[in-house]
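My notes are below, in the order I looked things up.

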Amino acid sequence: MPISPTYTKIIIIPASAIDENGHVNNVVYVQWMQDLALEHYSNIGGIEAQGPNSTWVIRKHSIEYFLPAFEGEEIEARTWVEELRKVRSLRMYEFVRKSDGKVLVKGETDWVFMDTQTGRPKAIPVEVEKIFEAPRSEN
């Protein structure tokens, strides 16, 4: 069950995202997942809440492709935090084609909260937990 509201962003697929097969390259979705997570986190005050000596790093991406997407199509990218654990966060993603509502891609990322001074995982501070739980309107 999600602990954060869903953050959404509309993407109009650029030519630069298209591969030799004529559809969005699989690696582009991974980049969009990371970009979407960082944008969401920044918009809800995560950078300020975590403080200067902390950061998030990716432990694992998992992604499942259902349907192709093509240049010029409008898709809705969605992300939310599903779960927080002591030093980790599970973030989910969906990419949905606006014209027909079909889910194109689903993914998840396991993020680890790190101390930038030691390079080791550290407990997620209460201040960071609170930013995910606070009610926010969709973007």
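Entry 1: I am working from a predicted model. For background, nonpolar side chains in soluble globular proteins tend to be buried together.

**Entry 2: helix H1.** I checked the length of H1 next. It has 18 residues, which at 1.5 Å a residue should span 26 Å. The end C-alpha atoms are 26 Å apart, so the two values agree. I listed its buried residues: Val28, Tyr29, Trp32, Met33, Leu36, Ala37, His40 and Tyr41. An α-helix has 3.6 residues a turn, so residues three or four places apart point the same way.

I also looked at both ends. At the start of H1, a side-chain oxygen of Asn25 comes to within 2.8 Å of the backbone nitrogen of Val27. Just after H1, Gly45 has a positive phi of about 90°.

**Entry 3: Trp32.** Which residues does Trp32 touch, leaving aside neighbours within four places in sequence? I found Ile11, Ile13, Pro14, Ala17, Val24, Ile75 and Phe95. Trp32 and Phe95 are both buried.

**Entry 4: aromatic pairs.** I counted 7 aromatic pairs in the structure. I looked closely at Trp32 and Phe95. Their ring centres are 6.2 Å apart and their planes meet at 35°, so this pair is tilted. Trp32 sits in helix H1 and Phe95 in strand S4, so the pair ties together parts 63 residues apart in sequence. Ring pairs also join Tyr29, Trp32, Tyr65 and Phe95 into a cluster.

**Entry 5: helix H3.** Which residues of H3 are buried? They are Val128, Ile131 and Phe132. Viewed down the axis of H3, these buried residues fall within an arc of 100°, so they line one face of the helix. I then asked what they pack against. The partners are H1, helix H2 (46-50), strand S2 (54-65), S3, S4 and S5.

How values were computed
Residues numbered from 1 in each chain as written. Predicted model: local features only at pLDDT ≥ 70, side-chain atom pairs only at ≥ 80, totals over all residues. Heavy atoms only, no water. Contact = heavy atoms within 4.5 Å. Helix = DSSP H or I, 4+ residues; strand = E, 2+ residues; numbered from the N terminus. Expected span 1.5 Å × (residues − 1). Buried < 20%, exposed > 50% of the residue type's maximum accessible area, 1.4 Å probe, protein only. Polar contact = N/O pair within 3.5 Å; in protein donor to acceptor, adjacent residues only side chain to side chain. Phe/Tyr/Trp six-rings, centres within 6.5 Å; stacked < 30°, edge-to-face > 60°. Arc of directions from axis to C-beta.
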